[in-house]
Structure formats: C-alpha cells, structure tokens
Amino acid sequence: MLFSTDDGQLLEHPHLRMAAHNGQDFVVPAVEEMTALPPKWEIMQLPDTFPVGFDPVTGSFEVVDSVPGLRGVRPRAAAIHPPPGHVRQYLPAADYLPFTAPETAPLRIVDEGGMPGRSGLPLWAYTAVGWARGSVMAAMFQGDELSRWHPSLFYKDELPTRVDARLREDPDNPVLLQLRECAVDYKCCCAQNIFYGRWEGAIPMAPACNAACLGCLSKDAEWDAPTPQKRLKFSPQGEEIGRVIAFHLKHAPEGMCSFGQGCEGEPTLSSDALVDSVAFARRTQTRGIIHLNTNGSRPEVVGRAAAAGINSIRVSVNSFDEPVFEAYYRPRDYKLADLYETLRVARDAGLYKCINLLLWPGWTDTRSELERVSRLVSDGLLEMIQLRNLCVDPAYYEKILPKQRERPMGLRTFVEELHRRHPALRFGTFNPRLAAEWFKETPPWVADAR
Ligand code: SF4
Ligand code: SF4
C-alpha cells in the first residue's frame with residue numbers, strides 16, 4: 001500500500017496491503033490487474049482524504065488516519081491519472097473527509113446539495129496505485145497503442161516556427177488563431193498536428209452546448225475546480241473553418257480533421273457553419289477523413305453533415321441507462337433516444353461509427369450495460385468503442401448517481417466479453433488512424449488476453 005504525506009512524500013505502509021475501489025466496494029486488486037507506470041509519471045495526492053488499506057491479519061479494510069512509527073504525519077490517498085492509451089480498472093481506495101478540515105483549499109463545492117466544506121478535485125481520472133514487483137503500479141490496462149500519440153512526438157522546439165509559418169498563409173483566420181492558443185498555451189496534441197501538418201488535427205468551432213456535463217473539460221466544474229482549457233468564445237464562419245480543413249487534408253499524411261475534439265462546445269449546435277465548412281473543404285479535397293465528435297443531440301444535423309462529406313462520427317456517452325445518462329449529462333433539450341437516432345442516421349449514411357464511452361468502474365461494467373452496448377453492435381450502430389476514463393471527482397459522481405443494484409464485472413472483463421461476442425468490434429482510446437485497414441487492428445492488450 002502506498003500513501004502520500006501532507007508534504008508530498010510517497011511512502012509504503014509498514015503492514016497494510018493496497019486496496020482499491022471498484023465503484024461499489026473496496027477490493028484488493030490482483031497484481032495482474034496492475035500495470036507499471038512509465039518513468040517519471042506523476043503521482044498525485046488527494047487532499048482532504050484518508051487512504052484505505054487492507055489488513056491481511058484481520059481481513060478487513062481500514063481507514064488510515066495515522067501510520068505506526070510516523071508521528072505527526074497525516075496520510076493522504078495517492079492516485080495517478082492514467083498515461084495515454086491506458087484504461088482505469090479501479091478508483092483509489094479513499095475516505096473523503098467530511099469537508100470541514102481546516103486545511104481545505106479555498107475552492108468549495110457551491111451547489112446547495114453539495115458536500116459543504118470539501119474542496120472539489122480537478123477533472124482527472126483518479127486511479128488506484130500501489131507498490132509491487134519493485135515498482136509503482138496502477139490499477140489500469142492498456143487500451144491502445146501510441147504510434148501517433150506518444151508524448152515524444154509533440155511539444156518540439158520547432159512548434160512556434162511552424163505556427164508562424166502556417167499563420168502567414170491565412171493570417172486573419174480566427175480558427176487558426178484559436179488553434180495557435182490551443183497548441184501553444186494548452187499544449188493540445190490535435191491542435192499541434194495542424195501546425196506539424198500531419199495526422200489528426202482538431203477543428204475548434206463550437207462555443208455553445210446543450211448539456212451540462214459534470215466533467216466538461218471546457219467549463220469550470222460546479223465544485224469550482226477550474227478547467228485548464230477554456231472554450232472558444234466566438235462562432236467562426238463555414239468558409240473560415242473550411243479553409244483550415246481543406247489545407248490540412250491536402251497536405252497532411254493520414255490527414256484527418258475532427259470537430260468537437262474534447263474541450264469546445266457541441267459542434268452540431270453550430271449547424272450551418274459545420275455543414276458549410278465540410279462542403280467548402282470537400283469542394284477541393286476528396287482525400288482524408290472529416291470526423292465529427294458529438295453529444296448525439298442533433299441527428300438531423302448529422303444527416304446534413306454526412307451529405308456534405310464527413311466520414312465518421314463519435315458519440316460521447318457515459319451510460320445507455322437513462323437515469324445515469326441524465327445524471328451526468330444533464331441535457332437541456334434532448335434525450336438518450338436522440339443518441340440512438342444519431343447512430344441510426346450515421347449508419348444509414350454509411351459513416352464509420354464510434355462511441356466515446358466514458359468509463360466509470362462499477363457502472364459501465366455491469367451485465368445490463370454490457371447488453372445495451374452489445375445490442376448496438378448487433379444492430380449495426382457501432383464499429384468502435386473508445387475507452388475513455390471519465391474525469392470527475394469520485395465522491396461527487398457517486399453522490400449524484402442513482403442507486404446501483406448490479407455487481408460490477410470489472411472493466412477489463414467488460415471489454416473482453418464484448419470482444420468475445422463481437423470480434424470485429426474495435427477498441428481503442430484514440431480516433432483510429434486514417435488508413436482503413438487500421439480500423440481492423442486490435443489493440444495489444446486484446447492480443448495479450450487471447
Ligand atoms: S456535451 Fe461536451 S461540451 Fe457539452 S457539457 Fe458535455 S462535455 Fe461539455
Ligand atoms: S481539443 Fe480543445 S485545446 Fe485542442 S484544439 Fe480543440 S478546443 Fe483547442
């Protein structure tokens with residue numbers, strides 16, 4: 001068992017074993033459920049928590065508020081955010097303090113039904129860590145390969161020069177100016193690809209949304225955890241967007257342009273600009289993928305975008321169980337039924353269809369959820385599941401979810417069972433690379449599991 005001290009040291013507990021949380025209960029993870037961290041990967045302290053460990057003598061889980069031999073040390077739970085391409089299996093085992101601890105940060109949960117006093121945690125996918133086989137390990141498994149996403153491929157010294165060169169070609173384009181901010185200030189990999197002139201590039205264009213997700217990355221969380229990437233504040237015109245798409249698809253190897261890539265609003269709400277930009281780009285560029293990430297609320301706009309020339313779609317969803325979906329998304333003017341309709345429209349238009357499944361241990365990995373997802377595949381509505389770790393404060397999410405009556409099977413088992421039923425269904429954590437044959441590859445962990 002590893003824990004953090006208040007002053008940020010990471011220590012091993014003298015006799016307790018590591019515990020984790022499967023979304024419903026504390027568990028002792030098997031070492032096979034753990035993966036070693038890459039070198040220098042950051043480990044976080046969870047403020048306002050006590051860690052929970054497993055006592056092998058009593059066979060019980062214990063909240064650790066002091067450690068033998070370490071007088072005056074206040075232990076805290078430790079966690080990581082999974083490295084790219086990795087999927088969280090378990091949450092950290094933690095006792096979240098009753099939020100009146102004197103050391104709480106100035107950030108407070110503000111809604112009335114919240115947990116008064118405790119600081120909200122920033123939007124990371126908190127994952128359990130422990131010590132085994134001589135290294136720090138995390139409760140996660142590999143979900144994709146990194147040949148286009150390894151950190152060594154980004155943040156190069158030449159980036160500012162490339163940004164300047166690209167902007168000289170289209171100096172007043174507000175989409176390019178936004179992308180400069182995204183690439184340089186937010187260090188967004190998809191924005192950097194626009195300037196490196198390669199692979200998948202993001203096309204930010206949507207300032208508004210019709211949902212209010214708890215873990216929205218482009219607006220500050222209601223428990224006051226600030227988002228590092230602010231949503232754009234303007235609505236670019238179709239032609240301004242289309243110029244960026246056309247240029248990228250013309251020049252980039254394996255060129256792909258993606259709307260709604262993570263920290264903007266909902267692209268289908270800017271419907272005319274979306275459709276016009278695709279039509280503009282397709283007038284000159286038939287090569288390359290134009291991809292739409294959406295919350296699935298506007299099936300009719302997806303139909304128009306498909307007719308204009310998009311190739312693929314990814315619908316984000318945390319659950320196909322309506323109360324769980326509503327609790328997280330808090331959709332303003334649409335229902336889960338619209339997501340199904342979006343996928344049907346996409347299927348009928350011949351688009352490649354993914355979902356961005358926002359995984360939460362104990363909720364995604366139930367038998368009922370597996371059956372719902374499996375039915376989508378059987379109905380021809382789904383070719384790929386992107387396994388996305390939901391980033392939200394664990395105690396806060398638990399508080400707003402309805403009562404769970406089903407036992408979890410474990411996320412890896414959930415994925416393996418879907419893979420067994422639907423061998424052609426692809427899994428990953430990124431949008432597929434352009435080459436159509438790559439869609440059929442299975443990620444390494446699936447090969448491992450065979
Ligand atoms: S649908 Fe996307 S943009 Fe809208 S609130 Fe949710 S995460 Fe944010
Ligand atoms: S994903 Fe976010 S940071 Fe990246 S280009 Fe889009 S809006 Fe900008």
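What you see is a predicted model, where local features need pLDDT of at least 70, side-chain atom pairs count only at pLDDT 80 or more, and totals for chains, interfaces and linings use all residues. Residues are numbered from 1 along each chain as its sequence is written, while chains are lettered from A and ligands numbered from 1 in the order in which they are written. The protein has twelve helices and 23 strands; these are DSSP runs numbered from the N terminus, with helices being H or I of at least four residues and strands being E of at least two.

**Overall**
- Of the 450 residues, 48% are buried (20 or more other C-beta atoms within 10 Å of a residue's own, C-beta atoms being placed from the backbone; 12 or fewer is exposed, and in between is partly exposed).
- Take the contacts with a separation of 6 or more: 79% of them come from residues 24 or more positions apart (a contact means C-beta atoms, placed from the backbone, within 7 Å).

- Seven parallel strands make an open sheet, in the order 17-18-19-20-21-22-23 (two strands pair if DSSP finds at least two bridges between them).
- Strand 17 (200–203) and strand 23 (426–428) each have a single partner strand, so one side of each has no neighbour in the sheet.
- On average, neighbouring strands of this sheet are turned by 25 degrees against each other, direction ignored (axes are lines fitted to C-alpha atoms, for helices over the stretch in contact, and angles run from 0 to 180 degrees between N-to-C directions).
- Strand 18 (residues 256–259) is joined to strand 19 (residues 289–294) by four bridges, and Phe 259 sits opposite Leu 292 of strand 19.
- Helix 8 (residues 336–348) lies across strand 19, strand 20 (312–317) and strand 21 (352–359), at about 165 degrees to strand 20.

**Strand 10 and its partners**
- On strand 10 (residues 77–80), Ala 77 and Ala 79 point one way and Ala 78 and Ile 80 the other, and all are buried.
- Strand 7 (residues 44–46) pairs antiparallel with strand 10 over three bridges, with Gln 45 partnered by Ala 78.
- Strand 14 (residues 127–132) also pairs antiparallel with strand 10, over two bridges, and here Ala 79 has Ala 128 as its bridge partner.

- Helix 2 packs on helix 4 (residues 238–251) at about 60 degrees, their axes 8 Å apart.
- That angle makes helix 2 oblique to helix 4 (under 35 degrees is roughly parallel, over 145 roughly antiparallel, 65 to 115 roughly perpendicular, and the rest oblique).
- Pro 174, Val 175 and Leu 176 of helix 2 meet Glu 240, Ile 241 and Val 244 of helix 4.
- Helix 3 is mostly covered, with eight of its eight residues buried; they pack against helix 1 (159–169), helix 2, strand 17, helix 4 and strand 18.
- Just after helix 3, Gly 197 has a positive phi of about 65 degrees.

**Around the ligands**
- Ligand 2 has 13 residues around it, and Cys 182, Cys 188, Ala 202, Pro 204 and Cys 263 come nearest.
- Helix 2 (174–184) and helix 3 (189–196) are the elements that give two or more residues to the shell of ligand 2.

Technical notes. Contact = placed C-beta atoms within 7 Å. Near = placed C-beta within 6 Å.
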